[in-house]
Amino acid sequence: MYPLRAICTAFLISLLCSVTTVAQSETAKKEKWERPFREAPVFPASLREEMNEEMHLQSDSLSEYVSPEVRALSDSLINNSGQGSLTSPGAPSVVMRHHVESPRASGVYIPKAPEAPVDTTNFNWWYMLKHGRLKLSDERVEWPRFLGWCVNIYNHVNRAINSYDPVYVEPMPEDGMIRIISDNWNDMYGIDLSSNKRVGLNSRPFYTAGLDLSYFGIGYTLSLDLSNIIGNRSEDHKSHKLGLTTQVFAIDYKFNSSKDGSRIMSLSDVPDHIELGREFPGVDMRTWSLTGYYFLNNKKYSQAAAYSYSRRQKKSAGTILVGISYTSSDLFFDFEKLPADLLPYMADQETLKYRFHYRNTALLLGYAYNFAIHRNFLINLTAVPGLGINHCYEDSQDRSRNMVAFSGHGGMSAVYNLNRFFCGADAKFDVIAYRTSRYGLISNVINFSLSVGSRF
């Protein structure tokens with residue numbers, strides 16, 4: 001009796017446990033699927049074809065931009081709600097979760113907000129400037145009275161000095177320019193100290209790197225001296241350049257100064273076994289020049305295409321240049337600072353310290369040519385010799401006196417344009433030579449530049 005009762009009791013307890021376990025499992029499943037989360041509807045049989053790529057869910061539970069598939073599922077749920085066609089009674093609901101922890105992690109597509117179209121009928125100068133449509137030459141622009149008066153004057157002057165033949169020259173459509181410049185220069189001298197003593201000097205290159213930003217022809221260049229970084233040199237030197245180039249004329253200003261940065265390259269009567277090319281810290285140079293050119297064939301030839309990158313030379317053309325230059329130089333050479341093994345070869349000189357302090361005014365006549373090798377590639381050659389008067393100051397080696405002097409300016413450049421981007425290289429030189437009954441001097445400054453940038 002008791003064993004049978006025990007068996008029945010155990011059977012009832014195990015049955016009750018099984019029912020409880022099944023109930024708990026169903027409750028857990030129900031809680032799992034009914035837990036709050038952002039969800040998409042049941043996947044429909046087909047998606048609506050008129051859905052756009054960039055859609056936004058209107059539901060408060062999902063306000064982020066999502067992919068077109070998720071939006072299509074949401075619209076399908078809205079359109080078919082109440083029809084009983086999405087799920088069957090008793091069947092588990094098939095849903096999709098949409099996590100939005102971060103756009104990158106969740107794969108959420110976030111398009112840019114659409115921009116308002118530009119009003120092409122609005123010619124207010126500030127509106128056009130904000131939308132990159134402002135052109136000073138556009139006569140439709142609505143300017144304030146005083147600003148408009150200034151722009152009119154600018155346009156009249158610009159037409160007078162920048163007219164061109166469109167068959168040969170093409171202006172760039174952009175008004176702004178940004179470029180990185182590597183500017184390097186060195187100075188060289190040939191000195192006749194007497195009838196039998198000649199000295200040749202040459203500085204090491206001075207390196208600078210700069211960032212140039214210009215707009216409407218007005219620009220600023222920020223330069224960094226790299227000579228102390230490249231070669232670990234500590235010479236005191238400075239260089240400044242300023243220029244204006246138009247179709248009709250060009251003006252260039254240059255200033256160079258250096259101290260203790262030359263090398264002795266040649267010296268009369270020095271035997272071959274003595275090494276030259278060594279440092280010579282006895283040079284102190286300071287020179288500046290102002291040069292102006294007028295281009296006779298200014299309708300077809302463009303100097304700006306070769307050196308300023310603001311125009312394009314479509315067909316090869318050349319021009320005669322006429323101009324004037326003014327140069328002021330103060331050069332001091334202390335040969336007492338020569339290496340010890342070279343000093344004996346200067347013993348026959350009456351002094352070891354020489355100063356050449358002078359100003360030079362010269363008339364220039366030369367020729368320049370642009371080779372338009374390709375629509376995007378240009379090579380320029382320029383040679384401008386000059387003849388003028390040299391005036392030596394009282395503290396100069398030749399005292400106060402006037403004499404005839406020869407001068408020369410020239411250069412070459414190569415430019416490659418690719419849409420609004422460009423790169424270029426150019427080399428320029430300025431030389432002055434004069435001679436008296438006792439002394440002679442050739443002074444030459446060479447400048448080499450590399451540029452890469454973009455117009456905007």
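## Asparagine 370

Asparagine 370 is buried, its relative accessible area being 0%; here buried means under 20% relative accessible area, exposed over 50% and partly exposed in between, with a 1.4 Å probe and protein chains only. This residue belongs to strand E17, where strands (E, at least two residues) and helices (H or I, at least four) are DSSP runs numbered from the N terminus. The side chain of asparagine 370 reaches the backbone oxygen of serine 302 at 2.8 Å.

When residues up to four places away in sequence are not counted, asparagine 370 touches several residues, including Tyr301, Ser302, Gln313, Ser316 and Asn380. Contact means heavy atoms within 4.5 Å.

## Basis of the model

The model is predicted: local features need pLDDT of at least 70 and side-chain atom pairs count only at pLDDT 80 or more, while totals for chains, interfaces and linings use all residues. Residues are numbered from 1 along each chain as its sequence is written, and side-chain values use heavy atoms, with hydrogens and water left out.

## Overall architecture

The chain contains six helices and 21 strands. Of its 456 residues, 38% count as buried. Among contacts between residues at least 6 apart in sequence, 66% join residues at least 24 apart.

## Aromatic pairs

The whole structure holds 17 aromatic pairs. Rings of Phe, Tyr and Trp (its six-membered ring) pair if their centres lie within 6.5 Å; planes under 30 degrees apart count as stacked, over 60 as edge-to-face and the rest as tilted. Tryptophan 288 and tyrosine 326 form a tilted pair, with 5.5 Å centre to centre and 45 degrees between the planes. This pair links strand E14 (residues 283–295), which holds tryptophan 288, to strand E16 (residues 317–334), which holds tyrosine 326, across 38 residues. Tryptophan 288 counts as partly exposed at 31% relative accessibility, and tyrosine 326 counts as partly exposed at 28%.

Phenylalanine 333 and phenylalanine 356 form an edge-to-face pair, at 6.1 Å centre to centre and 65 degrees between the planes. Phenylalanine 333 lies in strand E16 and phenylalanine 356 in strand E17 (residues 353–374), so the pair ties together parts 23 residues apart in sequence. Both phenylalanine 333 and phenylalanine 356 are buried.

## Charges over rings

Lysine 315 lies over the face of tyrosine 168, 5.1 Å from the ring centre. The charged end of lysine 428 sits over the ring of tyrosine 307, at 4.8 Å from its centre. The criterion requires NZ of Lys or CZ of Arg within 6 Å of the ring centre and within 35 degrees of the ring normal.

Note on methods. A polar contact is a pair of N or O atoms within 3.5 Å; within protein, one must be able to donate a hydrogen and the other to accept it, and residues adjacent in sequence count only if both atoms are side-chain atoms.
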